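Me: Hi! I have a structure here that is new to me, and I'd like to talk it through with you. Could you start with the rings and then move on from there?

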Amino acid sequence: MKNPISKRLKEKLINAFKNKIHLRAKLDISKLESLGSIDFLNTHINNSLLIYPYVTTNNHKSTTSKRDLIETNINKYLNAYEIELSRKNVLYRIAKGDTLVVNKVQEFDHRAQEVCNFFSGDFNSKTNINLYYSYKNTTGINVHFDHQDTIVIQTHGNKTWRLFDTAKGKTSLPAGRSLKPEGTEANNYKEITTQVGDILYIPKGMWHYAFTTNESSIHLALSLSPLKISELVIFMLNSKLNELGEKDIYEISKNDLIGAQKLIIESLESIDITEDDISDIKSEFFPKKIKIALL
């Protein structure tokens, strides 16, 4: 598979990442080799075991649970360990307005893994791909934000997105601890419709939801999790300043905490970053996947 993004698109994405602004652009969808097509989804649904939580459904009110998706001839209240889903029940939930979600597509499809590899290498991020299918005239998962940067790749039909770019969720906390944006007036959100081949970058923390109109929709959601400053500080404390990091603070007073803060800053400033440190950081946060080839 060829690299799915051009040099120019990569530059646009990097600028959007740095400034945390949404971006809509075009992608050569042929490079994805039908990954995310309706045929791809039908083949997976009809010929694979539907295992929770790799496959699930959800709706705008978040009222669907695993118990709604397992076989009805099983005592679904006693058998909490059942993970194989019923195709009939999954299709019923879709007909009732649920969005079908196939999580971690790269775990069972080599093309998705190659797409992850490209984005992971180009943007120094852990990557994941989820697939979302919504029938026509369906409102998707309720207003939410993601804890990772997300690149939406529209692969079938179209979908309309409402982005609340004036409100930002706290990505360091669970979503339930952030206030959802209020009101539905036009000036509270930006509305963008993605067609096949469109990509839409949604920064982490941006509240959003989506819906379909006259067509069903499939999109891939590729999430990017780069190294965070908080992770880097902890890594440096553990690898370079272990004795400092293990220093106990018995008095939790303002002066003691300010003193510890100054000591940390001074110690971090004294660290000389080497090529070995960079290699260690990449190995720690972006370990290479083991490739298995059976002969």
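**Aromatic rings and other features**

Reply: Happy to! Eight aromatic pairs turn up when the whole structure is searched. Rings of Phe, Tyr and Trp (its six-membered ring) pair if their centres lie within 6.5 Å; planes under 30 degrees apart count as stacked, over 60 as edge-to-face and the rest as tilted. One of the pairs is Y209 with F211, which is tilted because the ring planes meet at 40°, with the centres 6.5 Å apart.

Me: Before we go on, what kind of model is this?

Reply: The model is predicted, so local features need pLDDT of at least 70 and side-chain atom pairs count only at pLDDT 80 or more, while totals for chains, interfaces and linings use all residues. Residues are numbered from 1 along each chain as its sequence is written, and side-chain values use heavy atoms, with hydrogens and water left out.

Me: Thanks. Is Y209 buried or exposed?

Reply: Y209 counts as buried, at 12% relative accessibility. Here buried means under 20% relative accessible area, exposed over 50%, and partly exposed in between (1.4 Å probe, protein chains only). F211 counts as buried too, at 16%.

Me: Which residues do ring pairs link into a cluster?

Reply: That cluster holds F17, F119, F123 and Y201.

Me: And what lies over the face of W161?

Reply: K159 does, at 5.9 Å from the ring centre. The rule for a charge over a ring is that NZ of Lys or CZ of Arg is within 6 Å of the ring centre and within 35 degrees of the ring normal.

Me: New topic: how many salt bridges are there?

Reply: The count comes to eight salt bridges, each being a side-chain nitrogen of Lys or Arg within 4 Å of a carboxyl oxygen of Asp or Glu. One of them joins D149 and K20, with 2.7 Å from N to O. D149 belongs to strand β5 (residues 149–157) and K20 to the loop between α1 (7–19) and β1 (23–26), so this pair ties together parts that are 129 residues apart in sequence. Helices (H or I, at least four residues) and strands (E, at least two) are DSSP runs, numbered from the N terminus.

Me: Which residue does E191 form a salt bridge with?

Reply: With R162, where the closest N and O atoms are 2.7 Å apart. E191 sits in strand β7 (residues 190–194) and R162 in strand β6 (residues 159–168), so parts 29 residues apart in sequence are tied together. E191 is partly exposed at 46%, and R162 counts as buried at 18%.

Me: What about R93 and D98, buried or exposed?

Reply: Both R93 and D98 are buried. They form a salt bridge too, and its closest N and O atoms are 3.4 Å apart. There is also a network of salt bridges that links R24, K26 and D198.

Me: Switching to the backbone, where is the peptide bond that is cis?

Reply: A cis bond runs from Y52 to P53, with omega near 10°. P53 is in the loop between α2 (38–47) and β2 (55–58). Most residues other than glycine have a negative phi, and most peptide bonds are trans.

Me: Where is S62, and what is its phi?

Reply: S62 is in the loop between β2 and α3 (87–95), and its phi is positive, near 55°. N124 is not a glycine either and has a positive phi of about 50°. You'll find N124 in the loop between α4 (110–123) and β4 (125–134). S62 is partly exposed at 38%, and so is N124 at 44%.

Me: What does S86 touch?

Reply: Not counting residues up to four places away in sequence, S86 touches L69, I70 and E71; contact means heavy atoms within 4.5 Å. S86 lies in the loop between β2 and α3 and is buried, with a relative accessible area of 2%.
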